[in-house]
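Visitor: Can you walk me through this one? I'm new to reading models.

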Amino acid sequence: MILIVFAITGSTSAKFAAPLTEFVGVEKEMGVWIYWPVRILIIFPIYQVLLVFFGWLFGEYTFFLNFEKKMLRSMKLGFLLAE
């Protein structure tokens, strides 16, 4: 179940990133050094939210919430957690 949640989350966040990147006004023609970093920065928060959402949807909310907290702390982004 956990692997399915990771797969669905990754695919969904990548799908959402394309229209959001376009909405922001960043296009592939701008070059790989602009397009891909912006796209990754857009995907990152989408992925975090969707991971917990799909975890909840598949009954693994606690696991993915703890996973999310651990990942954010390891990336030195623990200040984003409202605890």
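Visitor: Is Phe 53 buried, partly exposed or exposed?
Guide: Phe 53 is partly exposed, at 39% relative accessible area. Buried means under 20%, exposed over 50%, and partly exposed lies in between (1.4 Å probe, protein chains only). This is a predicted model: local features need pLDDT of at least 70, side-chain atom pairs count only at pLDDT 80 or more, and totals for chains, interfaces and linings use all residues. Residues are numbered from 1 along each chain as its sequence is written, and side-chain values use heavy atoms, leaving out hydrogens and water.

Visitor: And how do the rings of Phe 53 and Trp 56 sit?
Guide: Seven is the count to start from: a whole-structure search gives 7 aromatic pairs. Rings of Phe, Tyr and Trp (its six-membered ring) pair if their centres lie within 6.5 Å; planes under 30 degrees apart are stacked, over 60 edge-to-face, the rest tilted. In Phe 6 and Phe 67, the centres are 5.3 Å apart and the planes at 75 degrees, so that pair is edge-to-face. Phe 6 is partly exposed at 22%. For Phe 53 and Trp 56, the centres are 6.0 Å apart and the planes at 35 degrees, so the pair is tilted.

Visitor: New topic. What does Met 1 touch beyond its sequence neighbours?
Guide: Leaving aside neighbours within four places in sequence, Met 1 is in contact (heavy atoms within 4.5 Å) with Phe 58 and Glu 60. Met 1 is exposed, at 51%.

Visitor: Back to rings. Which residues form one aromatic cluster?
Guide: Phe 6, Phe 63, Phe 64 and Phe 67 do.
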